[in-house]
Amino acid sequence: MSAFEPVLLRRAAVERGTELEVYERTGGYQALRKAIGALTPQQVMDEVSAANLRGRGGAGFPTGRKWSFLPKDAPLKYLAVNADESEPGTFNNRVLIDADPHLVIEGILLCCYAVGISEAYIYIRGENVQGARLLERAIAEARAKGYVGKRILRSGFSCQVHVFRGAGAYICGEETALLESIEGRRPQPRSRPPFPAVVGLFGKPTVINNVATLASVTDIVDRGADWFKSIGPATAPGTMLYCMSGHVRRPGVYERPMGTPLRELIEEHAGGIRDGKRLGFVIPGAAASTALVESEIDVAMDYDALREIGTELGAGGIIVMDESVCILKTLERFAKFFRHESCGKCVPCREGTVWQHRLLERLNTGLGGASDVATLKSISEQMNAKTLCALGSFAAAPQLGALRKFPEHFAAHAAGGCPLKVPAHA
Amino acid sequence: MKPVTRARIADVAGRYPTKRAALLPALWAVQEEEGWVSAGDLEAVAHALELAPADAEGVASFYSLFHRSPPGRTVIDVCDNFVCQQNGAEALLEGLCRRLAIRPGDTTPDGRVTVRRQECIAACHQAPAVQVNLEFRGPVTDADALLREIA
Ligand SMILES: Cc1cc2nc3c(=O)[nH]c(=O)nc-3n(C[C@H](O)[C@H](O)[C@H](O)COP(=O)(O)O)c2cc1C
Ligand code: SF4
């Protein structure tokens, strides 16, 4: 294996690496000192823009550009940090927080410094009690040392950081539902415009970023945009926390340069398919992405390369399945998930997810026919990009992708049988 | 409601720019102190935050983690999403439920254990993944061993 050095997970194997003392001893809070001591907020923002950092939450939106949308002169602005992480197949936020909570907090402070934000909320899914505890403890340690709170490092920059726990609802990861959740309302996405950069949390201009995006900022400020751009492709530099799960020998999170070939991730890092079986298909960007087959896995795992072949990187949740797994059963389970998690605010998503699930159940129990396949297609098309938030498209995309790529599997199910002979309730 | 619960609600009520924003923190405080969120306690939270009880109920009911009836002393959440399913989650659920003679979602009559199905808990590398009173475990394949451990 190459001599690549992990960045975000470099303290994962360090003893007591989550504690402030160790963090400081290994270079921690140097970026914040540098920013406050030697850089203007605009210079920090420019460095992040120059680094071409793209959001790790799924859409890959350029972070510097996002920050630049906030009005400069607004007296009160917020940062909402997205640690909701609930899409089947993704778990890198959790691993990152467990490994290095201070790296996340330092990135948060740098964002707040650059954008002129005085209040940050880390929204963490309610199930992740351990992550919330680690973050709370890290914030308390940082506050005691003057990194968080009023007049940070005796400068004019003040910033409070709060942990806010969700309570079990996937939709809260959608950025405007997340804001509603913090505000104590039913977490249903808002219609846009206005965008959160103008009217966000508590009606104030708000940045929403994923925890891994913000953790990446720390080293961009510390080591510079040129260093960052030396890793991975120019269009999407930096490292990615690839989540490997499913039928691989060594499931886990692997930090590698963005654009690492999928084959290398599966075969070298995750140890290949277990139990002597062969690869069936790979879901490269968690539940909302289109599955890939063996002939496609030399693809570079970055936003653009995957979009070119009709799928998505998302937040890097790579689910590897062996040859025994039925794609329609897989789709049925994801359809059930989206049906359960649809917030019900728009009709195409609320009704469409129910229909998708029902149709796949029919096809998987041998009760379906060719007309069900056609209905699945037309319903999924009607959901795609026609809803208030992206959940509708998330639910539609893997279905449409599979209908295109595995027509023979749908045809076989429509004729009453699974080509892999997988029983209906396996 | 215990005095400590009341005090925690009063404490979070003043922490955010609006009282309403303290709703989830207050409900967590209730659940942590009282074990679950009863209708009466939810009403007390609504009152403290100046919300209509129906309004607070409408928010609380959206979320899956608040217990609206008393749970068992140990709550076992088994992820049954795709990756865990492919790694034996159904067999684990079946094993747990057979031993305890309950169905997923139920609590044993002696109030000892609740077993629930859960959507993905962000632990796919630990499949089949479980949370025991919200602490992560996995891979968990042996139902008997898990039950012995929590006994
Ligand atoms: C249904 C749905 C769920 C989402 N869940 C998450 C999530 O758990 N974490 C996350 O960072 N982004 C999630 N997103 C994307 C966010 O809306 C948002 O784009 C992201 O947090 C922005 O951060 P970034 O620019 O740093 O990537 C979700 C989007 C949708 C539509
Ligand atoms: S697309 Fe679905 S989840 Fe999103 S707002 Fe509409 S109903 Fe809610």
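Predicted model: local features only at pLDDT ≥ 70, side-chain atom pairs only at ≥ 80, totals over all residues.

Student: OK, which domains is chain A divided into?

Tutor: Chain A has domain 1 (20-229), domain 2 (239-322) and domain 3 (327-414).

Student: How far apart are the C-alpha centres of domain 1 and domain 3 of chain A?

Tutor: Those centres are 35 Å apart. The contact draws on 12 residues from domain 1 of chain A and 11 residues from domain 3 of chain A.

Student: And what area do domain 1 and domain 3 of chain A bury between them?

Tutor: About 940 Å², with 70% of it on carbon and sulfur atoms. On the domain 1 side, A:Tyr170, A:Gln188 and A:Pro189 supply 51% of the area buried against domain 3 of chain A, more than any other three residues.

Student: How many salt bridges across that interface?

Tutor: Zero by the rule used, though three residue pairs are in polar contact there. The domain 1 side that touches domain 3 of chain A has five nonpolar, three polar and four charged residues.

Student: Switching to the backbone: where are the cis peptide bonds in chain B?

Tutor: One joins B:Ala127 and B:Pro128, with omega about -5°; B:Pro128 is in the loop between β2 (113-118) and β3 (130-132) of chain B. Another joins B:Gly138 and B:Pro139, with omega also about -5°.

Student: What about B:Ala101, is it buried or exposed?

Tutor: B:Ala101 counts as exposed because its relative accessibility is 67%, and exposed means over 50%. B:Ala101 also has a positive phi of about 55° although it is not a glycine.

Key: Residues numbered from 1 in each chain as written. Chains lettered and ligands numbered in written order. Heavy atoms only, no water. Domains from an automatic or database assignment. Contact = heavy atoms within 4.5 Å. Buried area = accessible area lost by both parts, 1.4 Å probe. Salt bridge = Lys/Arg side-chain N within 4 Å of Asp/Glu carboxyl O. Polar contact = N/O pair within 3.5 Å; in protein donor to acceptor, adjacent residues only side chain to side chain. Nonpolar A, V, L, I, M, F, W, Y, C, P; charged D, E, K, R; others polar. Helix = DSSP H or I, 4+ residues; strand = E, 2+ residues; numbered from the N terminus. Buried < 20%, exposed > 50% of the residue type's maximum accessible area, 1.4 Å probe, protein only.
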